[in-house]
Amino acid sequence: MTQRIGIYPGTFDPITKGHLHIIKRASKLVDKLIISVALNPHKKTLFTHEERVALATKDVQTLSLTCEIEVQPFDELLVHYAQNANACCVFRGLRAISDFDYEFQMTGMNLHLAPELETVFLMAADKWQFVSSSFIKEIHALNGDMADFVTAETLDALNKKRIK
C-alpha cells in the first residue's frame, strides 16, 4: 500500500497553537505529515528560517500524533516541493472569509500546475479563528500576554526577540 503523505506549509512566524491544532487534525488523515516551513524572500519575518524550523520542531514534539511527522524547511514552488516529497495533498487552515479568497486562488493555480495534488481545507476551531502570527507579533511587541496562543517555548523565543 502506498504511503499517504501530506504537507502542511506555512511561514510559521511564529508557530501558534492554532497551527498546532491544524497539525493534530491533519495527522489523522495521512500516514506521514510534513510540516514545511517556507522561506519566502518577499515576507519580512521576525524569526530566521532556521529559528522557525527549530520552533516548529520543538512545538510539534509536544503533540500526540497518529502519523509519522517531519518538519522541513523549503524554499521552492510548493507544487514542486510536494511532488518531490511524493505528497498526495496539501493541508491549509482557514480562519475567515479573507483566508478563503486567497486560498481559493492559490488552490486554482496549484491545481493547474499539479492536477494530481489535492488541497484539503481544515476550518480553524472557534478558539483559534482570530489567532494569526501577525497578531501574535504585534500584541507581543506591545507587551500583551500571548501565553494562551503560543507554547511556552515559542513565548520564550518571542521574549528573547523583544529584549534584543
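Helix H4 gives the most to the lining of the largest cavity, contributing four residues. Keep in mind that we're looking at a predicted model. A search of the whole structure turns up one cavity of 30 Å³ or more, and the space inside the largest cavity comes to about 30 Å³. Around that space sit Leu78, Val90, Arg92, Glu103, Met106, Thr107, Asn110 and Thr119.

Now for the packing. Nonpolar side chains tend to be buried together in soluble globular proteins. Here, the largest nonpolar core has 20 residues, and the ones touching the most other members are Tyr8, Ile23, Leu33, Ile35, Val71 and Phe91. At least two residues of this core come from each of helix H1 (17–26), strand E2 (32–38), helix H2 (49–60) and strand E4. H1 supplies the largest share, four residues.

Setting aside neighbours within four places in sequence, Leu33 is in contact with Gly6, Ile7, Tyr8, Ile23, Ala26, Ser27, Cys67, Glu68, Ile69, Glu70 and Phe91. Among these partners, Tyr8, Ile23 and Phe91 are also on the list of core residues that touch the most other members.

What about the other core? A second, separate one has 14 residues, including Ile5, Ile34, Ala82 and Ala87.

Technical notes
Residues numbered from 1 in each chain as written. Predicted model: local features only at pLDDT ≥ 70, side-chain atom pairs only at ≥ 80, totals over all residues. Heavy atoms only, no water. 1 Å grid on protein atoms, 1.4 Å probe; cavity = no way out; pocket = protein on both sides within 12 Å on 5 of 7 lines; lining within 4 Å. Points joined across faces, edges and corners; volume = space filled by probe spheres on them. Core = buried A, V, L, I, M, F, W, Y, C linked by side-chain atoms within 4.5 Å. Buried < 20%, exposed > 50% of the residue type's maximum accessible area, 1.4 Å probe, protein only. Contact = heavy atoms within 4.5 Å.
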